[in-house]
Amino acid sequence: MSVWEETLRSRLARLEQEGRLRSLVPVARAVYPVLERDGRSLINFSSNNYLGLANHPELMEAARKGAQRGAGATASRLIVGHDEETERLEQEIAAFKGTEAALVFGSGYTANMGVLSALLQRGDAVFSDKWNHASIVDGIRLSGATLFRYRHLDMDHLEAQLRLAEKKGIRRKLIVTDTVFSMDGDVARLHDLISLKERYDAALMVDEAHGGGVFGPYGEGVAHHMGLAGKVDLHMGTFSKAFGVVGAYVAGNRTWISYLVNTCRPFIYTTALPPAVIEMIRTSLRLVREAGSRRIALHRKAARFRNRLKALGLNVGPSETQIIPLIVGDVHATVKLSQSLMENGVLAVPIRPPTVPEGTARLRFSLMATHTEEHLETAIDAIERAVRTEGVTIHD
Ligand SMILES: *Cc1c(COP(=O)(O)O)cnc(C)c1O
């Protein structure tokens, strides 16, 4: 056996021992509230398709229309010149976010990784919530900046670290945060973050991956919902979640965006998004703006679902959004609960340490505006039964 084969096999065996080996499972109808997996119909609580737009007929039509201009973009944007529709899309995003300019990326992962590694340099200080998304963590790592990781939502800890950086004479400081956190469904303290950034002369970047489409009068995100958008230096968001497509944006003033055009390597050295995708994103931006009633339905369903679980004595953590954890605690109990739900037609994926803190393994429920009351009742009944029959004791 080659040294690589041997090493990879032993690393995989180790993951398996730790109960962390993952594998890919085929799925059909994932864009619907009920999907098909392993020959079973399952109510889908595992997608990020919060507004149920991913199967919208206008998006399919937009893809067909875009594809008439060609299948691929043929080169990176700085080389061949960019599609006029891409320019139009970026103007529309800037108008939507109320910024001077915006830039489109192929994915949220590359946007965060690229933007943070381009803005931050060795000697700069970056302040990152402990539970920020992996793409933020990776961008910071790549930048070589000094990382100050503050405890989740702990503003006192953040302030102590800002003071420390100031004492060290670090001039450029950047605070970066998810607005809605994907593991607990809780929300960043943007008011406090803004007063801290002003007091310590730092900049603030927000990641609206789970807030975009869902919060704000027109789905602009949490910063708009809180009336604080104008105080954020750089807005980032994805088109892959509530928007139902793929891709991402960064929006801010002209200087920041031109700087990124010139320095952000995952923007420069990659082929532009194809016309079909650009058309879908443009259409989805309009659908999201017009989706006021879907947003209301989603928030109402999420509140009801949370309250029903709480009434059963279950622990939904600090969730205040469409992302609702059911915190079990023990890893094996969590996995068993997930299997039992699956046998009863409900798909909620178990999330284990190290993705979440030790002792807080959980099932995560992501609600959709298109879940019916019946879907939710079926799920709640199944949860109640599964908790009872599995003898799961819920961690507080
Ligand atoms: C999903 C997610 C991303 C990555 O976005 P993709 O478009 O899926 O690459 C970035 N940040 C956060 C907070 C996310 O939840």
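In this predicted model, Glu61 is partly exposed, with a relative accessible area of 43%. Its salt-bridge partner is Arg64, the closest N and O atoms being 3.1 Å apart. Arg64 is exposed, at a relative accessible area of 51%. Both residues belong to helix α2 (residues 57–67), where they are 3 residues apart, about one turn of the helix.

Other pairs link separate elements. Asp83 and Arg69 form a salt bridge with 2.8 Å between the closest N and O atoms. Asp83 lies in the loop between α3 (77–80) and α4 (84–97) and Arg69 in the loop between α2 and α3, so this pair ties together parts 14 residues apart in sequence. Glu377 forms a salt bridge with Arg304, the closest N and O atoms being 2.9 Å apart. Because Glu377 is in helix α15 (residues 373–389) and Arg304 in helix α13 (residues 292–311), the pair ties together parts that are 73 residues apart in sequence. Glu377 is partly exposed, at 25% relative accessible area, and Arg304 is also partly exposed, at 35%. The salt bridges number 26, and a network of them links Glu84, Glu85, Arg88, Glu92 and Arg282.

An unreviewed UniProt entry annotates residues 42–383 as "domain: Aminotransferase class I/classII large". Over these residues the chain is 44% helix and 17% strand. UniProt, again in an unreviewed entry, lists Lys241 for "modified residue: N6-(pyridoxal phosphate)lysine". Lys241 sits in the loop between β8 (234–238) and β9 (248–252) and counts as buried, at 13% relative accessibility. Apart from neighbours within four places in sequence, Lys241 is in contact with Asn48, Asn49, Tyr50, Ala209 and His210.

Notes
Residues numbered from 1 in each chain as written. Predicted model: local features only at pLDDT ≥ 70, side-chain atom pairs only at ≥ 80, totals over all residues. Heavy atoms only, no water. UniProt positions renumbered as here; feature names shortened; annotations may be inferred. Helix = DSSP H or I, 4+ residues; strand = E, 2+ residues; numbered from the N terminus. Buried < 20%, exposed > 50% of the residue type's maximum accessible area, 1.4 Å probe, protein only. Contact = heavy atoms within 4.5 Å. Salt bridge = Lys/Arg side-chain N within 4 Å of Asp/Glu carboxyl O.
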